[in-house]
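Here is a short briefing for a first look. Keep the sequence and the structure in view while reading.

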Amino acid sequence: MSQPNDLSRSLVPLEQDSTLVAVLELSQSSWLVAGAVPGVERQPLKKLDPDEQALLRLLQRWQEEATRAGRRVTRIAVAYEAGRDGFWLARWLRSRGIEVHVIHPTSVAISREHKRAKTDRLDTAMLMRVFLGWLRGERGHCGMVAVPSAEEEDAKRPSRERESLVGERTRIVNRMKGALARLGIRGFKPELRRAPERLETLRTPEGLPIPPNTLEEFRRDLARLGMVREQIAAIEQARVVRLEQAPRTGPHAMVRLLASITGVGVETADMLVQEVLSRNLRDRRAVARYAGLTGSPDESGSKRREKGLAKSGNARVRRGLIQLAWRFLRFQKESALVQWYRARTAQGARKTTMIVALARKLLIALWRMVATGEVPQGVVLRPAA
């Protein structure tokens, strides 16, 4: 059975006499484009304003130069590093028949000099070298990022917006509790519904009311907290409505399947599916590596040590999985995964270390579940509605 392409190398043979290669260094103010044109000895380098039409005209002009030099260009390959601009440019160029790849920035090896020179010109030269090696089919030059569709990117927005709002809610509550502690007031819970009413009755240990400026600040914080709470509820309600109306196939079916596990909510299921489980990953090692839950060994000669988690993957997935692993200990006590965790900790292993190992095993088990329908051993499912 063939495995999915992991984008670590090109599977299409490179014919340099008929392939126009270009790399982009994108910034907010300008784009620097470097090219390798068949039949043209010079290495053209052009600085453009951030304009996709100007880029397309430049590529067509280079193609015409290759034709005048006696080379017929049948393939145009363009690459740039993933960053702030996202993937819209890749989708736009692909819709016009141009092959576009997005390079994973951390996969490009750079000089380890303490003070190395770094300019856009040097960066484009480096990208050209690694991109040509990737096009030749050689491993180790760089890795490419899978370009998502606009629909796939949009599907991630609710869970990411909710995560941002939950963080904002926590910041407001902590800021208010800190300000109240400076006044000697404890036990007040800003997250409660009746908090605005109780705010007026609070007194300091000296029997004084809250100072007027601080009181006005608290009122604004509570108003902001109420708005954030309403937005979180709106996102959660809209997600449930969309899930009920969505077809019973694709990512929506994965979300329903994960949400049927006791202890896994719709929010967690949707985040895992949209961020990692719906991706076409090669094997279980690639799944764990995408979440940054693999180790980082440091071995040289007789030295053997482990530097901890790589943390080079999706931090959002990693945080959610570790939280889910703690919930699994509570809601899935009879599952094989929890029994494995308890056996290891009973032998003296640290709980914080083993919870990460449990999160990795849990991710792989959930990935197999949505891929093949295999329910992890001992996991309890909710009754069918």
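In which hand does helix 8 pass helix 13 at their crossing? The crossing of helix 8 past helix 13 is right-handed. This is a predicted model.

**Helix packing**

- Two packed helices are described by the angle between their axes and by the distance between those axes.
- Helix 8 spans residues 250-259 and packs against helix 13 at about 125 degrees. Their axes lie 10 Å apart.
- That angle makes helix 8 oblique to helix 13.
- On the helix 8 side, the contact is made by Met254, Leu257 and Leu258. Helix 13 contributes Leu366, Met369 and Val370.
- Helix 13, residues 351-372, also meets helix 12, residues 336-346. Their axes come within 10 Å and cross at roughly 160 degrees.
- Helix 12 is therefore roughly antiparallel to helix 13, since angles over 145 degrees count that way.
- The crossing of helix 12 and helix 13 is right-handed.
- Helix 12 brings Leu337, Trp340, Tyr341, Arg344 and Thr345 to this contact. Among the helix 13 partners are Lys351, Met354, Ile355 and Leu358.

**Salt bridges**

- The structure holds 24 salt bridges. Side chains of opposite charge can pair when their charged atoms come close.
- Arg91 pairs with Glu153, with the closest N and O atoms 2.9 Å apart. This pair links distant parts of the chain: Arg91 sits in helix 2 (residues 88-94) and Glu153 in helix 4 (residues 150-155), 62 residues apart.
- Arg91 is partly exposed, at 26% relative accessible area. Glu153 is partly exposed too, with a value of 26%.
- Asp270 forms a salt bridge with Arg239, and their closest N and O atoms are 3.2 Å apart. Asp270 belongs to helix 9 (residues 266-277) and Arg239 to helix 7 (residues 212-245), 31 residues away in the chain.
- Are the two partners buried or exposed? Asp270 is buried, at 10% relative accessible area. Arg239 is also buried, at 4%.

**A salt-bridge network**

- Arg316 bridges to Glu275, the closest N and O atoms being 4.0 Å apart.
- Arg316 lies in helix 11 (residues 315-331) and Glu275 in helix 9, so the pair ties together parts 41 residues apart in sequence.
- Arg316 is partly exposed, with 22% relative accessibility. Glu275 is buried, because its relative accessible area of 0% falls under the 20% cut-off.
- Which residues join Arg316 and Glu275 in one network? Arg160, Glu163 and Arg319 do, through salt bridges that share partners.

**A buried glutamate**

- Glu65 is located in helix 1, residues 52-68.
- Glu65 is buried, with a relative accessible area of 14%.
- Leaving aside residues up to four places away in sequence, Glu65 touches Val40 and Arg42.

**The annotated domain**

- An unreviewed UniProt entry annotates residues 256-335 as "domain: Transposase IS116/IS110/IS902 C-terminal".
- Over residues 256-335, the chain is 50% helix and 16% strand.
- The end C-alpha atoms of residues 256-335 are 20 Å apart.

Terms used: Residues are numbered from 1 along each chain as its sequence is written. This is a predicted model: local features need pLDDT of at least 70, side-chain atom pairs count only at pLDDT 80 or more; totals for chains, interfaces and linings use all residues. Side-chain values use heavy atoms; hydrogens and water are left out. UniProt positions are given in the numbering used here, feature names are shortened, and annotations may be inferred rather than shown by experiment. Helices (H or I, at least four residues) and strands (E, at least two) are DSSP runs, numbered from the N terminus. A salt bridge is a side-chain nitrogen of Lys or Arg within 4 Å of a carboxyl oxygen of Asp or Glu. Buried means under 20% relative accessible area, exposed over 50%, partly exposed in between (1.4 Å probe, protein chains only). Axes are lines fitted to C-alpha atoms, for helices over the stretch in contact, and angles run from 0 to 180 degrees between N-to-C directions. Angles under 35 degrees count as roughly parallel, over 145 as roughly antiparallel, 65 to 115 as roughly perpendicular and the rest as oblique. A crossing is left-handed if the near helix is turned anticlockwise from the far one by less than a right angle, and right-handed if clockwise. Contact means heavy atoms within 4.5 Å.
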